[in-house]
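Keep your viewer open and follow along, heading by heading.

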Amino acid sequence: MTGDRAGRVWGLVAGQASLRGGSVTAADACRAAVAAVEVTGAWLIAAAGQDSGYLMWVTDEVSERLAELELTLGEGPSLDASASGGPVLASDLRTGEAAGRWPVFALPALRAGAGAIFAFPLRIGAIRAGVLGLYRARPGPLTAFQLGDALVFADTATLLLLEVQDGAAGDGKTQPGPGGRPAHLALHRAEIDQATGMLTEQLGTGMAEALLRLRAYAYAHDRRLSEVAGDIVARRLRLTADPDPWR
């Protein structure tokens with residue numbers, strides 16, 4: 001049964017690649033998972049080492065918003081899945097349990113259009129590759145069969161993502177290609193990295209503290225992390241060395 005499921009899932013992923021006429025990538029696993037698991041959308045956050053990760057692929061605007069909310073606010077199902085190494089299944093974000101677990105994230109996620117979120121760590125042994133996130137516009141749990149499929153999609157995405165990371169090891173960059181990372185997400189990542197580097201000089205801090213200040217400013221001003229980073233890179237915004245990160 002496990003072999004049959006894995007073969008069926010791989011066929012669905014390969015089918016997505018065939019539709020666009022390219023080689024199979026982790027993006028195809030995201031797209032295929034949406035239909036097979038019967039969710040509304042999906043996203044994939046790539047991570048290496050101990051960093052918090054960065055957004056690689058999304059299937060729609062709501063997925064992009066949910067992933068960026070997690071990375072900005074520092075909490076959410078994807079971050080918990082990455083930390084725990086196991087799936088995090090939030091079948092109803094309206095509940096007090098969800099609000100208590102993610103007091104900052106739950107309400108904005110609901111407003112963004114998510115009723116349920118299911119997050120799966122992408123890892124093999126000690127190797128941590130990222131997180132696959134799935135959301136439904138309406139609350140509702142996964143069936144046992146859907147959960148089984150989601151786990152295999154996550155395993156497939158892990159292998160495909162690690163192939164991309166290995167291929168980029170020579171120059172430290174993920175190489176774009178057909179069906180690969182969308183250009184606007186690559187730009188966002190580059191701007192966040194550049195803005196963080198600029199803040200280390202402006203604030204006299206390390207990279208981790210600079211990124212924390214960047215996130216705190218975005219949260220305090222109810223702005224997207226990528227937008228704030230873009231303003232800093234364009235020198236439309238300058239954060240001061242004031243110890244209060246909310247200013």
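Strands β1 and β5 run antiparallel to each other and are joined over six bridges. One of the places to look is Ala 46, whose bridge partner in β5 is Gly 130. Please keep in mind that this is a predicted model.

On another side of the pairing scheme, β1 also pairs with β2, again in the antiparallel sense, this time over four bridges. Here Leu 44 stands opposite Trp 57 of β2. How many residues of β1 are buried? Six of its six are, so to speak a strand that is mostly covered. Gly 41, Trp 43 and Ile 45 point one way from β1, while Ala 42, Leu 44 and Ala 46 point the other way, and all of them are buried.

## The whole sheet and its edges

Zooming out, the five strands form an open sheet in the order β2-β1-β5-β4-β3, with antiparallel pairing. Strands β2 (54–58) and β3 (88–90) stand at the edges with a single partner strand each, so one side of each has no neighbour in the sheet. From one strand to the next, the twist averages 20°.

Val 88 is found opposite Ala 119 in β4.

Two helices to pick out next are α3 and α4. Helix α3 (residues 61–73) packs on the sheet and touches β1 (41–46), β2, β4 and β5 (127–136). The direction of α3 makes about 40° with that of β1. Helix α4 (residues 77–84) also packs on the sheet, with β1, β3, β4 and β5 as the strands it touches. The direction of α4 makes about 30° with that of β4.

## A closer look at α3

For a quick geometry check, count 1.5 Å a residue: the 13 residues of α3 should span 18 Å, and this agrees with the end C-alpha atoms, which are 18 Å apart.

How many of the 13 residues of α3 are buried? The count is 10, so α3 is largely enclosed by the rest of the structure. Among the buried residues of α3 are Leu 66, Leu 69, Leu 71 and Leu 73, and the list also includes Glu 64, Glu 68 and Glu 70.

## Where α3 meets α9

Helix α3 also has a helical neighbour: its axis and that of α9 (residues 207–220) come within 8 Å and cross at roughly 120°. That angle makes α3 oblique to α9. On the α3 side, Leu 71, Thr 72 and Leu 73 make the contact, and on the α9 side Arg 215, Ala 218 and Tyr 219 do. By type, the residues of this contact divide into four nonpolar, one polar and one charged.

## Two backbone angles to inspect

If you like checking backbone torsions, start with Glu 38. Its phi is positive, about 60°, although Glu 38 is not a glycine. Glu 38 sits in the loop between α2 (26–37) and β1. Is Glu 38 buried or exposed? Glu 38 is exposed, with a relative accessible area of 55%.

Arg 235 is another residue other than glycine with a positive phi, near 65°. Arg 235 lies in the segment after α10 (225–233). With a relative accessible area of 68%, Arg 235 is exposed.

## The chain as a whole

Stepping back, the protein chain has 10 helices and five strands. Of its 247 residues, 47% are buried. Among contacts in the protein chain with a separation of 6 or more, 62% come from residues 24 or more positions apart.

How values were computed:
Residues are numbered from 1 along each chain as its sequence is written. This is a predicted model: local features need pLDDT of at least 70, side-chain atom pairs count only at pLDDT 80 or more; totals for chains, interfaces and linings use all residues. Side-chain values use heavy atoms; hydrogens and water are left out. Two strands pair if DSSP finds at least two bridges between them. Axes are lines fitted to C-alpha atoms, for helices over the stretch in contact, and angles run from 0 to 180 degrees between N-to-C directions. Contact means heavy atoms within 4.5 Å. Angles under 35 degrees count as roughly parallel, over 145 as roughly antiparallel, 65 to 115 as roughly perpendicular and the rest as oblique. Ala, Val, Leu, Ile, Met, Phe, Trp, Tyr, Cys and Pro count as nonpolar, Asp, Glu, Lys and Arg as charged, and the others, Gly among them, as polar. The expected span of a helix is 1.5 Å times one less than its number of residues. Buried means under 20% relative accessible area, exposed over 50%, partly exposed in between (1.4 Å probe, protein chains only).
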